[in-house]
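Here is a short briefing on one protein chain. Keep the sequence and the 3D view side by side as you read.

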Amino acid sequence: MFKRIVLICCAVSLFLFLTGCGASSSGSGGGSNVIDTTPPAAPVISGVSAGQSYTSAVTITAQAVSGVSFTATIDGSAYTLGSSYSTNGSHALVVVATKASNGLTSTKTISFTVNISTPAVTTVNVNIQGMAFSPSSLSITVNTTVVWTNLDGMTHTVTGPPGRQVLIPAILGQAGLSRILSPRPGTTPICVRSTRR
């Protein structure tokens, strides 16, 4: 009788031990600890599209996702999402999404082109002689350089808004030369002041 009781107790202990081992993945609340092995979804990118060409600067962003961080490169160099990018040429954007809970990543690659044309800079000449301008009026485009050649024996100062001033000195034996650049369209009044040497 004594031996039978011992065997029963040992069997109960073994059952409890095995049951305890099988429940080792359970938390104190009885729920299972599930390991997240799912990578984040591919980044959703705005600002550029695959195969597109852009004639002005682009600003690239990634759609925010809770628990996910994003890093980006353009042509292998770090790019800050949300900043302006204006380098001409064909480019490869790579955005990597990293999930904070498990460190897993997903990647989105987009090829795009930036082709921003620089307006041609033209030059217009104005001569100052005998206190008169030739030509007396100008119609110019944006980014036009106006070259003022002073043929008088006195210094002239050309001032245009907003307070832009160009000194055109009189140089003995040769023309004085200065330049002013028109940065935007519209009518620009010019004030000229002359100073005798």
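Of the 197 residues in the protein chain, 23% count as buried. The model is predicted. Its secondary structure comes to one helix and 16 strands. The points below go from the whole chain to single side chains.

**The chain as a whole**

- The accessible surface of the protein chain comes to about 12,900 Å². Carbon and sulfur atoms hold 58% of that surface.
- Take the contacts between residues at least 6 apart in sequence: 50% of them join residues at least 24 apart.

- The mean pLDDT of the protein chain is 75. A value of 70 or more is reached by 61% of the residues.
- Over residues 5-28, pLDDT stays under 50. For this stretch the model has six contacts beyond four places in sequence.

**A five-stranded sheet**

- Five strands form an open sheet with mixed pairing. Their order is S2-S9-S8-S5-S6.
- Which strands stand at the edges? They are S2 (53-54) and S6 (77-79). Each has a single partner strand, so one side of each is left without a neighbour in the sheet.
- In general, strands of a sheet pair through backbone hydrogen bonds, either parallel or antiparallel.

**Strand by strand**

- S2 pairs with S9 (residues 105-114) in the parallel sense, over two bridges. Here Tyr54 has Val114 in S9 as its bridge partner.
- S9 also pairs with S8 (residues 89-99), in the antiparallel sense and over 10 bridges. In this pairing, Ala97 stands opposite Ser106 in S9.
- The hairpin of S8 and S9 has five residues between the strands. Gly103 in this hairpin takes a positive phi near 75°.
- S5 (residues 68-74) runs antiparallel to S6, and three bridges join them. Ala72 stands opposite Tyr79 in S6.

**A closer look at Val96**

- Val96 has its place in strand S8. Its relative accessible area is 22%, so Val96 is partly exposed.
- Which residues does Val96 contact, leaving aside its neighbours within four places in sequence? They are Ser69, Phe70, Thr71, Thr105, Ser106 and Thr107.
- Val96 and Thr109 are 13 residues apart in sequence. In space, they are 8.8 Å apart, C-alpha to C-alpha.

**The salt bridge**

- How many salt bridges does a search of the whole structure find? It finds one.
- The side chains of Lys99 and Asp36 meet in a salt bridge, at 3.1 Å from N to O.
- Lys99 lies in strand S8, and Asp36 lies in the loop between helix H1 (2-22) and strand S1 (45-46), so the pair ties together parts that are 63 residues apart in sequence.
- Are these two residues buried or exposed? Lys99 counts as buried, at 19% relative accessibility. Asp36 is partly exposed, with a relative accessible area of 30%.

**The aromatic rings**

- A pair of aromatic rings is described by the distance of the centres and the angle of the planes.
- The count of aromatic pairs comes to two. One of them is Tyr79 with Tyr85, which is edge-to-face. The centres are 6.2 Å apart, with 90° between the planes.
- Tyr79 counts as buried, at 8% relative accessibility. Tyr85 is buried too, with a relative accessible area of 15%.
- Tyr85 also pairs with Phe112. Their ring centres are 6.5 Å apart and their planes stand at 75°, so the pair is edge-to-face.
- Tyr85 lies in strand S7 (residues 84-85) and Phe112 in strand S9, so this pair ties together parts that are 27 residues apart in sequence.
- Both Tyr85 and Phe112 are buried.
- Ring pairs link Tyr79, Tyr85 and Phe112 into a cluster.

Terms used
Residues numbered from 1 in each chain as written. Predicted model: local features only at pLDDT ≥ 70, side-chain atom pairs only at ≥ 80, totals over all residues. Heavy atoms only, no water. Pairing = 2+ DSSP bridges. Helix = DSSP H or I, 4+ residues; strand = E, 2+ residues; numbered from the N terminus. pLDDT = per-residue confidence, 0-100. Contact = heavy atoms within 4.5 Å. Salt bridge = Lys/Arg side-chain N within 4 Å of Asp/Glu carboxyl O. Buried < 20%, exposed > 50% of the residue type's maximum accessible area, 1.4 Å probe, protein only. Areas by Shrake-Rupley, 256 points an atom, 1.4 Å probe, with all protein chains shown as cover. Phe/Tyr/Trp six-rings, centres within 6.5 Å; stacked < 30°, edge-to-face > 60°.
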